Amino acid sequence: MLSRTADCLYWMARYTERAENTARMLDVNHQTSLLPQPKDFLEQSWRKLLTISNLEEVFMSQYDIVNRENVLDFMIYETGNPSSIVSCLFAARENARVIRGKITSEVWETQNTTWLELQRILEARNQSDPSRLLEWVKHRCHLFRGVMHGTMLKNEAFYFMSVGTLLERADNTARILETKYEDQASLKALRAENKTSDDEAGVDFFDFYHWAALLRSVSAFEIYRQIYSDQVTPKQVAQLLIFNKQMPRSLVCCVNELIPLISEMKNQQSKEIERLLGKLKASLDYSDIDEVFSQGLEDFIEQFLERINHIADEFSSAYLIPLATA
Amino acid sequence: MKLPFDEMLDATGKPRLHYQVFHDWLKQQSDTLMGLKRAEADLIFRRVGITFAVYGDDLGSERTIPFDQVPRIFTAKEWEQLETGLRQRVKALNCFIYDVYHDENIIKAGIIPAEQIFNNAQYRPEMRNVSVPRDIYAQIAGIDIVRAGEGEFYVLEDNLRVPSGVSYMVEDRKMMMRLFPDLFQKYRVAPVEHYPDLLLECLKSVKPDDVKKPNVVVLTPGMYNSAYFEHSYLAQQMGVELVEGKDLFVKNEQVFMRTTQGPERVDVIYRRVDDDFLDPLAFRSNSTLGVAGLLSAHRAGNVTLANAIGTGIADDKSIYPYVPDMIGFYLGEKPILNNVPTFQCRKPDDLAYTFANLDKLVVKLTHGAGGYGMLVGPASSKAEIEEFRGHLIANPDKYIAQPTLALSTCPTFVESGIAPRHIDLRPFVLSGKTIKMVPGGLTRVALQEGSLVVNSSQGGGTKDTWVLEE
């Protein structure tokens, strides 16, 4: 397969996954912002959403204040923001258009229809309810993956799309976890400072909604209940999203699925990726949530992000950036 | 003025025999239903992404080519005449290209003046004495044909560089079958969907001699090209790679493509990039669409380009007037298809005639294509004609003039209902081990009332073209 074709397949899948995750992240923030909470905190949680994607600077060059409306506008519609949903869906469709001959017409038509429907949504931009739009984005991305699994040959093209999806997903789950965890910490700090008259029950009540929203953002609320049949605690939430092998968006699950894909697509330059992935898997396999917490969750996630992105870079240079004239 | 020939109705307004069944069917269809079918077709074309970019429009804007659901129908007999004529013409054109890059017999015989060839920008001295497989230069030819009357066909122009439109021929057929399946029970329409198979067979048959299993690719300028849909469509239908210039490189006069498993040799390139952009080392040095060293690999015989470099010499409008003579010269046959009488403005007499009759003639640039830079005398205002006269005085060598043909019309579904509109036809001729064609072609229709310009870049539409089986 042409390296350029592989590149388009990979990015088509990555951008689709990113659009979905952006939608998930916005949705959870939107939902939690409707809960009663301190005003400072509200602003902080929207700001945090920008910082985890390194977008604060671009945002501040276009908007005066960080609030729900502005961040939603920026993260959904702004074409100057490469991670906005519109930008991601556009990039996914452009990539699909280039290699439409390498995907089934069903996959192409799904991408193209998403884009065409988005045009209509953009026309009615100000009336649309963000929750409905975000639902729609998730639904279209699910449809894309379903059509991909249901119609494509399980060949190299499929592998490149899968690798793109998994690398993006691992990155995003890690980022969502990090943001929300920090949110929670800063909220606690705020409360301690203010020593408000909030009764303890109220705080717990908020905690519950906060973590429940996080779980919902990765479609894991019901899964959590099913697995733990217990109240929602930060530690178990982190455990589920990092270590659960069966949970499709967990870090371990993404890494485990990547390994056989990479070994399936071996070439002369893939050794290093296999080694890095193997190491990452081993370090996850031989760790547990207690160790993560004693290391510090933030620290752990930073490291994970660094490693998974290093793997993505290696993957690009082994397969996607045209091999040197041999 | 005499009414133009109508494909469906004869001079008395009665349907022609082969249109009778369709005519009766059409009478039963309401305008509302036809309107709904039109909208359905547009929706499907958009969803499937069968779109066309129009130059000079906003960057990235995409349009569908208007599709008209009234087919253009040929009888088997008419088609046989056309097909024989097309084969003959393309065969002679390939002989001509070989000749001008080798022995120059047609010049020595005094049939075409030497300066007409060697001063022509389309002549590529780089191709002198270069052998190409089977001596075929134009493997894919799109010949534009118009009809002026019963059995009276004219070749309007030969397209031997990178003719496009064949994907619409196939997609229009699919669309007709989808919208009106019942019509295909009333008529036995010869299929055209196997065109990509014939194309692949043709491309493989012109592989370099030393290659056993040729690796065929389609070379596209990229997704912003107006015909990108067609490039990717043909690659997919043939099951070959669609490559851009940057995917290829030349080493030791051999062409390779960059794949995820390392370099892979390429043997036949169906290129949809113009000569000028093919190789920055040989032609335009600022081209990013081509492959450095491609010409050297082509000259060394290590890769076949379809079409070969330098075919433009045979489809240039200044060479067109000589095609009937070529058929006599190379094949010893009488031309089956007519040329449109052509005045060469480089000749003083012809120029004088052109000046005197600008309001009646069609004047074209010899190197022009796509309906750009032409004057349709009868349809132009006095001011437009005067402006064009200025161009003509400045550069008479660049123009030819032809009488305005009464292009035939075909009933077409327009806003006011079914009404006649002018059409032409572009059949595709594949030259490899043998010459092959599918029975049909792309019928283009000028949607404006009275307009003779059918090019999609000028707002023309397309129709399905039926060749009936006996």
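## Briefing: two chains and how they are built

Where chain A meets chain B, 22 residues of chain A and 22 residues of chain B take part in the contact. Please keep in mind that this is a predicted model. On the chain A side, helix H1 (3-33), helix H5 (85-98) and helix H6 (105-123) each give two or more residues.

**The chain A side of the contact**

- H6(A) makes the largest contribution to the side of chain A that touches chain B, with five residues.
- Sorted by class, that side of chain A holds ten nonpolar, seven polar and five charged residues.

**Domains of chain B**

- Chain B splits into domain 1, made of 17-208 + 303-337 + 405-467, and domain 2, made of 341-403.
- Between these two domains of chain B, the contact draws 13 residues from domain 1 and eleven residues from domain 2.
- On the side of domain 1 of chain B that touches domain 2 of chain B, six residues are nonpolar, five are polar and two are charged.
- The C-alpha centres of domain 1 and domain 2 of chain B are 24 Å apart.

**A parallel sheet in chain B**

- Four strands of chain B form an open sheet in the order S5-S4-S9-S10, and their pairing is parallel.
- Strand S5 (241-243) and strand S10 (304-306) of chain B are the edge strands; each has a single partner strand, so one side of each has no neighbour in the sheet.
- On average, neighbouring strands of this sheet are turned by 30° against each other, direction ignored.
- Strand S4 (residues 216-219) and strand S9 (residues 268-271) of chain B are joined in the parallel sense by four bridges.
- Which residue of S9(B) is the bridge partner of Val217(B)? That residue is Ile269(B).
- Helix H9 (residues 228-238) of chain B packs on the sheet and touches S4 and S5 of chain B. The direction of H9 makes about 150° with that of S5(B).

**Strand S15 of chain B and its partners**

- Strand S15 (residues 399-403) of chain B is mostly covered, with four of its five residues buried.
- Strand S13 (residues 361-365) of chain B runs antiparallel to S15(B), and five bridges join the two. Leu365(B) has Tyr399(B) as its bridge partner in S15(B).
- Strand S12 (residues 343-344) of chain B is also antiparallel to S15(B), joined by two bridges. Here Phe343(B) stands opposite Ala401(B) of S15(B).

**Backbone details to look at**

- As background, most residues other than glycine have a negative phi, and most peptide bonds are trans.
- The peptide bond from Ala306(B) to Asn307(B) is cis, with omega near 0°. Asn307(B) sits in the loop between S10 and helix H12 (312-315) of chain B.
- Ser229(A), a residue other than glycine, has a positive phi near 35°. Its place is the loop between helix H10 (221-228) and helix H11 (234-243) of chain A.
- Is Ser229(A) buried or exposed? Ser229(A) counts as exposed because it has 7 C-beta neighbours inside 10 Å.
- Glu104(B) also has a positive phi, near 60°. This residue lies in the loop between helix H3 (76-101) and helix H4 (105-108) of chain B.
- With 15 other C-beta atoms within 10 Å, Glu104(B) is partly exposed.

Technical notes
Residues numbered from 1 in each chain as written. Chains lettered and ligands numbered in written order. Predicted model: local features only at pLDDT ≥ 70, side-chain atom pairs only at ≥ 80, totals over all residues. Domains from an automatic or database assignment. Contact = placed C-beta atoms within 7 Å. Nonpolar A, V, L, I, M, F, W, Y, C, P; charged D, E, K, R; others polar. Pairing = 2+ DSSP bridges. Axes fitted to C-alpha atoms, helices over the stretch in contact; angles between N-to-C directions. Buried ≥ 20, exposed ≤ 12 C-beta atoms within 10 Å, placed from the backbone.
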